Amino acid sequence: MEAFDSLKQSFLKALETVFKEAELAELKAEYLGKKGKVTQLMQAMKDLSPEERPAYGQKVNQLKNELSDALNAHKEALENARIEAQLATEKIDVTLPGHDMSVGSSHILTQIVESIEDLFIGLGYQIKEGPEIESDEYNFEKLNLPKNHPARDMQDSFYIDPNTLLRTHTSPVQVRTMLEYGGSKPVKIICPGKVYRRDDDDATHSHQFMQIEGLVVDQKTTMADLKGTLLKLAQTMFGPDRTIRLRPSYFPFTEPSVEVDVSCYNCEGTGCSICKHTGYIEILGAGMVHDNVLKMSGYDPNVYQGFAFGIGVERIAMLKYGIEDIRHFYTNDMRFLRMFNQ
Amino acid sequence: MNVSMQWLNDYIKATIDPKDLAEKFSLHAQEVADVTPLYQAEGLVLGRVLKTETIPDSKNKKCQVQVGDAIRTIVCGAPNVAAGQDVIVADIGATLPGGIQIKTAKINGIESAGMIVSLDEIGLDKKYHQETGIHVLEPAGADSLDTLGFNDQVIELELTPNRMDLMSMLGVAYEVSALYEVPLTLPKVTVKESNQVNPVKTVIDTDLCDAYYGRVIDDITIKESPEWLKNRLIAAGIRPINNIVDVTNYVMIDLGQPLHAFDLDTIPSETIRVKAAEADETFTTLDGQERTLQKGDILITDGKKPIALGGVMGGLDTEVSLKTTRVFLESALFNATRIGQTSRRLDLRSEASLRFERGIAHDRALLALDKAAQMMANLGGGTVAQGISKAERNVHTPWDISLPLSRVNGVLGTALTIDEAKQILSRLHLDVTVQGDVLMVLVPVRRLDIKTEQDLIEEIGRVYGYNQLPITLPSTNTEGGLTAYQRKRRQIKRHLEGLGLFEAITYSLTHPDKEKGFTEAKGTHVLRPLSEDHQSLRQTLIPSLLDVLKYHHARQMESVHVFEMGHVYLTEETETLALALSGPWHEAPWKVARPLDFFVLKGVITHVLDLFGVTATFKPAMLPALHPHQTAELVVDGNVVGFCGAVHPKTLNAYDLKEAFVVEISIGKLKAYFNEENRYIPVSKMPSVKRDVAFIVDEALPAESLIKAALDAHVDHLYDVEIFDVYTGKPLLDTEKSLALRLYFNDKTGTFKTADIDRLMDQLTAHLTQTLNIRIRT
């Protein structure tokens, strides 16, 4: 039995001197290998009587397990030490900034257009688009603005030739759609897009801007429907507590025509500098489609009636965010664009 | 249109607060720009200068001024102050424009109690007067500053083109009467004619004049108009000139009918003919300018030569002057469109031409003539001759419109009764009768804007109040949604934003020089550009995006990655997508940056095209503005749909840039290849095998052709080929390069043995070496 103890002691002593994983294999072979010292002890069993063998065998196995466990524990300790040493060399300063994987952003005007599109898609509208170079016929004449109409002064335009111009509003898309529908089915569309007017660029004027127009034509479309629709639009843009106010106005393509004000979101209608102390802010123009417009686009005004409205996208953005200069939208400063990426 | 509250009071006797009127007008009639006092001064009183004394060593005078019952001592520096004058005094406590407070002050050692004021001092713009010194009133008699109009309030209306009926005080009065439901006092004019007979005959020779009336006023004296009249004109925004001209303007504002006064003694004949001008006829208008006329301009003639350009401007030779004693007063109805054309062409737009252009109430032409004639006689000390010169062609009479109540409620969404509807129209002084469920409306000629059912519905709607209408949503049930194309567009934008790009929106109008090197076409020009920089429609978005890069570089921001989707205007208008990239991307500045190069750009483009369901080939190409060896055309199905590349150093210089990569893809052309459908193919359960092989090829061989040839070999189970290494240098020749391919094999029905793959590889390499004249690099 003493042989067992001394074998164990010499193994443990040898183990303590091993600091490399490779040397462990040698030690393992010396003691636990096929010709190892523990194996030799096992071979000594054949010299024993059958009665002694089981106890002896058990003792050898126990020794073998003990050495094995010690070896494995030492092996794991060495491995851990090696990994830790490796990791220590990989230390970093986690406070250094990460790679710039930030996303960009869609233009604020696109965002407003898309949010209005989404509102109207939810209300069952389709989105119609059209060319920016338009004929005088579609841009003016079919909208009840014949040549020499005094209201043409209101929209000084970029002409390309006497019959072609850059559209001054997206209304020609409404005309195109009504003609496409052939006067016999309901129209429920919004028309976003770029429009152009001969205005010198300054803080509040731009020769190019974005507009969204809406058109509903059906047999029972009323001005009350227009009011309800515009209220939804105002609330989507400026908050659920907003109210609207309609004032009489004039557009050749609608009658009655109205200017639409939204209750001031800044002062809740009590009067402030944003609403010029009126409690209301003008946001868009609208009205019931003029009989002549329906007629010229193939709809019988005795059967069909409708409403239309038009909104300036820049103006909405300027009001909503307090942007003071319309030219910011066309400068495309990333510091500006990034402000709207939430 | 400026509305003097005092003037309005001629027709509306009810007391109305100007602010309240402004609010009501805004909500029911027309936009109100402002409500302001005619004079921005408070605390003005009438004073009479009783005595003036010189003050030693001063040019000031010590004045005794009677103000009400009190006598004040006021020191006045104006040289024109004199005893006996009626003047305006800013009393102690008065406020003058600019917030100046009047207090008792010691001037030249004298206690001065108030200030005798000039028109400048009470805030009258120089365009209305040329006075220096204090303002001396005509003997005021029983008048007060109130009755003379110095305390008037002015409402500035912003009229829309349809409401020509509001371009007169009487027209505004009709509206006020309707909105407040108060009585309207209609104008009454009595002309006291003399025994002299009006000798003038008038003849109309053109359809462009509906009626021409005239009166003769004899023995008048030209002088200044009285204070009240001048103040009313100033309230209307018109400069007072003399009693005759002022009366023509006054009655125009009052009743909406433009008038013209001729010096009758300068007209040789007694017949006035209205005719259409011949082309190139010339005429000198009263501003001294010789005008070349066009066929159809309306001319007033003495039978031989022109004396006025009808409705636009009088003639120099027949103008009323200080010597005038006999006036021929014209009140005419000219063609609206023609006046608009003539006045615009000659840039002679006036209050008169504007009224003609918008349309005149025919039934006021004679009323205006009589009113003005009598006023001229009164103010000029003359007499009105007997009889009216008269020629008529086409004078409006009232017209009928029948309006079913169902249409009113059907459009407005209301539930008005027939009585309510009738009552609203009656408030507007329209003549309404009811037949069953139909309103029969007789429209007076002053309301030229009411011609249709729809016009009447608008009247009912606005007077009733749009804010009283119910709030509902359309009952039309339609399917809403984006089209496939619109959905795709949004998807592309989100994808690019996700990659870190910013969306830009730039101007469509550009300068054609900016497009040089990108396109050879001239571009479409607009006829009257506002600036050099915005004169033609762009044919490419890239210069605009390079401008965005330039803007940022000038501000020390060198990493800029932007895109834009917008229309370009080539032979037709199409939508394109453009990107411009500059500076490292997704970097951490403290580390070695991943450089931006052609292949970063190509990676972005390839995946954008993936989103469209399109595969493009990149074909080496040349564009003068781009790098000659780093530019490619994007080809889909044999059609060029765009281009991409590194920007040429010379182009970079023009934008002060160090590097930039750009791409432009015609979405319009790509549309034809859109693939919206996703397809399911079962994922292989079997392991894939990958093999590498390198080839020595000609240096000029495009890598893509090697990949294409490998795929075209149709080797069984080969499903992907990629280039994983490109090598040039020793031991290869200068004319050679090595391209290493990685090949992926998969058999869905089983696993491969090494020999299987070897056989497939042999088959492939044999194909490639034979078809491309290349050899395996060993």
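Start by selecting B:Phe695 and look across to strand E41 of chain B, where its bridge partner is B:Leu739. This is a predicted model, so to speak of local features pLDDT must be at least 70, side-chain atom pairs count only at pLDDT 80 or more, and totals for chains, interfaces and linings use all residues. Residues are numbered from 1 along each chain as its sequence is written, with chains lettered from A and ligands numbered from 1 in the order in which they are written.

Now widen the selection to residues 689-698 and 736-745 of chain B: these are strands E39 and E41, paired antiparallel over 10 bridges. Pairing here takes at least two DSSP bridges between the strands. Strands are DSSP runs of E, at least two residues long, and helices are runs of H or I, at least four, numbered from the N terminus.

On to the helices. Select H10 (residues 405-412) of chain B together with H12(B): their axes come within 10 Å and cross at roughly 65°. The axes are lines fitted to C-alpha atoms over the stretch in contact, and the angle, on a scale from 0 to 180 degrees, is between N-to-C directions. The crossing of H10(B) and H12(B) is right-handed, that is, the near helix is turned clockwise from the far one by less than a right angle.

Which residues of H10(B) and H12(B) make the contact? Show B:Arg407, B:Val408, B:Val411 and B:Leu412 on H10(B), then B:Glu453, B:Ile457, B:Ile460 and B:Gly461 on H12(B). Contact means C-beta atoms, placed from the backbone, within 7 Å.

Finally, zoom out to chain B, with its 19 helices and 42 strands. Its radius of gyration is 42 Å, well over the 28 Å from the globule rule for 778 residues, so chain B is more spread out than a compact globule. That radius is taken over C-alpha atoms, and the rule is 2.2 Å times the number of residues to the power 0.38. Along its principal axes, the C-alpha trace of chain B spans about 130 × 80 × 55 Å.

Note on methods: Contact = placed C-beta atoms within 7 Å.
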